[in-house]
Amino acid sequence: MDSTDEFNFNETKLSLETLGLEPEAIALQTLDGFLMILSADGDVTYISENVSEYLGISQIDIMGQPIWDYSHQCDHDELREALNGRHHSPSELLNGVANSDCRPMENRDFFLRLKCTLTSRGRSVNIKSASYKVLHVTGHIACKDKEGQRQLVAIARPLPHPANIEVPLGSSTFLTQHTLSMKFSYVDDMMLSLLGYQPSDLLGKSLYDCHHGSDAEHLMATFKHGK
């Protein structure tokens, strides 16, 4: 950054502060989520202050703590793989993970359930009574120093509840609703023109009776991420 760029940056920052706006706060507001940095062994080395808006947990409470204490245990294997590229045993994590194989800018994209103390009414509950919120985590691996210490730099964005999503459907899209056993409970009229089924043909029938066998693995993976 040359002197002119530095002057323009400082001038812009000063103008924002005059309006009572912090540049860092503006950047976080555009993310629709919060920033977090995790070490290779899962310690939260940094998390942005606005994490409390999404999880109800303050920045100071989670900073320096192991992410394992806040994430769903069923997501731990996938999270370890995202941090290190392979699974590590508990003894490896306790003794410290070898970081000599750090490859910067490796992209990461996965779903993670973290504890949330916010209720649907906006109230806060005790951490022991917390539920889990599904987050879409996207970021990359960075090398912290010359020794190649790995860390994950990522943005975590909460997935909106399906009841709050209003999606305009195109002419090649149909909408269905299902029971917990995946039986069709609603089928819109577009199904007839697109796939040739009358809604009455599918109501009460299981989705598992309709999909191709080769798609079973992908379908199960989709359900796993949507929990």
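Student: What does it take for two strands to count as paired?

Tutor: Two strands pair if DSSP finds at least two bridges between them; strands (E, at least two residues) and helices (H or I, at least four) are DSSP runs, numbered from the N terminus. In this predicted model, local features need pLDDT of at least 70, side-chain atom pairs count only at pLDDT 80 or more, and totals for chains, interfaces and linings use all residues. Residues are numbered from 1 along each chain as its sequence is written, and side-chain values use heavy atoms, with hydrogens and water left out. Here, strand 1 (residues 34–39) pairs with strand 2 (residues 44–47) in the antiparallel sense, over three bridges.

Student: Which residue of strand 2 is the bridge partner of Ile37?

Tutor: That partner is Tyr46. Four residues separate the two strands of this hairpin, and Gly42 in the turn has a positive phi of about 95°.

Student: How many helices and strands does the protein chain have?

Tutor: The chain has nine helices and seven strands.

Student: Is Tyr197 buried, partly exposed or exposed?

Tutor: Buried means under 20% relative accessible area, exposed over 50%, and partly exposed in between (1.4 Å probe, protein chains only). Tyr197 counts as partly exposed because its relative accessibility is 37%. Tyr197 lies in the loop between helix 7 (190–195) and helix 8 (199–202).

Student: What percentage of the residues in the protein chain is buried?

Tutor: Of the 227 residues, 29% are buried.

Student: What share of the contacts with a separation of 6 or more joins residues 24 or more positions apart?

Tutor: Contact means heavy atoms within 4.5 Å. In this chain, the share is 47%.
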